Amino acid sequence: MASFSFGAGNAQKLARLPLYGLGRLATAVIPRGSRWAFGCGAGIGDGALAVWEVARERGIDAVWLTTTAAEEREAEARGMAHAAKMSWRGFWMTARARVLVVTHGFGDVNPFAVSGGFVAQLWHGIPLKRIGLDAPEVVRSAFLPHSGAVRAILARMYRGAAQRIGLLPAASHLVRGRLESAFGISYARIAVTGEPRVDVLSRGTAGEREERARRVIARAAPAASGPRRFVLYAPTWRDGDPDPAVPSRADWDAILAALARHDATLLVRSHRLGAGTYDPPMPTDRVVALGADVLADITPALPAIDALVTDYSSLVYDAALVDVPALFLAPDLEDYAARRGFYGAYADVAGADAPRTWPQLVARLDEILGDADAYARAQDRARDLSARVHAFRDGNNARRVMTEILARVGEGRA
């Protein structure tokens, strides 16, 4: 069931306008110190954690702003200084921080105390679907949903908030152009450094990466341990709308038969903001849920994946870094393209004949998992996609981001 939509989120922002105003007044008089504050909308992980590790190596005083009790426990286990972001301490830590490192938005830290800090907005994936100001959905509100005036106010709020971003890393010059358009910020604030979040996919040998990834999956979902092949299904978020790709009973019969033929397990990664119902109607050990509730960051698990199935997720670009073949299931392509839209042509990424139904998808899966030559061709397509969007594959993206932050806050490039 969906748990969030732009409409509901934007209505909450409008209701909180007085608090944002009070926060601006407070941060105008609270002096910024030397500490850095980190946060991530998906838990302790993603690019923020990669930059955190570099900051710790450098001896930078830092605090992680947590959202849940589970994040607090994980921060304790990692030995991380932390504070609940929506507490008074979280407000103070955010207001006093010189540098704020986020991955989703200002809500990753205390959103009322961001003004005056240097914001490194790492973002959380190379956009395939349109985001930010390029996506009309971003300025939709549950409050007066048909009001052009409300949409205009929200667009101004989004554009104004983006002007507080001091650094936005990009995976490549191609991606840099997309981010400039989506956030409405100057080209100078966007640096082609590579994404810190994918450094883990470039470290060690292929065998070492796969072994690490299998351990990550086994810890998160013990039912998925063992020598089987893994197929990862990761549908994207539809802004609160129902997921049109939930399998029928007949679909499940075909899916499970294919998994058995190839001795594979289907790992289901529903989007954390709007999970569909992917419970097979019959007992099976070949379908395992791998949602954000059991594995906050899926990126380290990708080297163990034999095939990715998605619709419009940016995960396809991450998986391409480790040569994972991607298959596409797009039952609502025309509607999604009209409502959300894409950067470039969808066919340039998914091919001209992306499956619309599970039986069509299962046929593609049979093809690549059952034929070594077909699998090799699918890997070649993944490599070509990676070459188009990733400028770096050396595992040092977080270090380049650190260098950029230090330069932009006046601490040089040491």
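W123 is buried, at a relative accessible area of 14%, where buried means under 20% relative accessible area, exposed over 50% and partly exposed in between (1.4 Å probe, protein chains only). The model is predicted, so local features need pLDDT of at least 70 and side-chain atom pairs count only at pLDDT 80 or more, while totals for chains, interfaces and linings use all residues. Residues are numbered from 1 along each chain as its sequence is written, and side-chain values use heavy atoms, with hydrogens and water left out.

W123 lies in the loop between β5 (118-121) and α6 (148-162); helices (H or I, at least four residues) and strands (E, at least two) are DSSP runs numbered from the N terminus. The phi of W123 is near 60°, a positive value in a residue other than glycine. D323 likewise has a positive phi, near 60°, and is not a glycine. Most residues other than glycine have a negative phi. D323 sits in the loop between α10 and β12 (326-328) and is partly exposed, with a relative accessible area of 23%.

Of its 414 residues, 53% are buried. Among contacts with a separation of 6 or more, 68% join residues 24 or more positions apart, a contact being heavy atoms within 4.5 Å.

The interior can be described through its nonpolar cores, each a set of buried Ala, Val, Leu, Ile, Met, Phe, Trp, Tyr and Cys residues joined through side-chain atoms within 4.5 Å. The largest has 71 residues, and L179, F183, L267 and Y346 have the most contacts inside it. Helix α10 (residues 315-320) gives the most to this core, namely five residues. A second, separate core numbers 28 residues, including C40, I44, A120 and V409. Leaving aside residues up to four places away in sequence, Y346 touches L128, D311, Y312, F328, A330, L333, G351 and A354.

Helix α10 is also the place of Y317, which counts as buried at 1% relative accessibility. Y317 and P127 are 190 residues apart in sequence, yet their C-alpha atoms are 8.9 Å apart in space. P127 is one of the residues that Y317 touches, along with I126, L128, R178, V349, L385, V389 and H390, when residues up to four places away in sequence are not counted.

Two helix pairs are worth a look, with axes as lines fitted to C-alpha atoms over the stretch in contact and angles from 0 to 180 degrees between N-to-C directions. Helix α3 (residues 46-57) and helix α15 (residues 397-408) pack at about 65°, their axes 9 Å apart. This makes α3 roughly perpendicular to α15, as angles under 35 degrees count as roughly parallel, over 145 as roughly antiparallel, 65 to 115 as roughly perpendicular and the rest as oblique. From α3, A50, V51, V54, A55 and E57 make the contact, and from α15, A398, R399, V401 and M402. By class, seven of these residues are nonpolar, none polar and two charged (Ala, Val, Leu, Ile, Met, Phe, Trp, Tyr, Cys and Pro count as nonpolar, Asp, Glu, Lys and Arg as charged, and the others, Gly among them, as polar).

In the other pair, the axes of helix α9 (residues 249-261) and helix α13 (residues 358-370) come within 9 Å and cross at roughly 5°. Helix α9 is therefore roughly parallel to α13. D251, A254, I255, A258 and R261 of α9 meet W358, P359, V362 and D366 of α13, a contact with six nonpolar, no polar and three charged residues.
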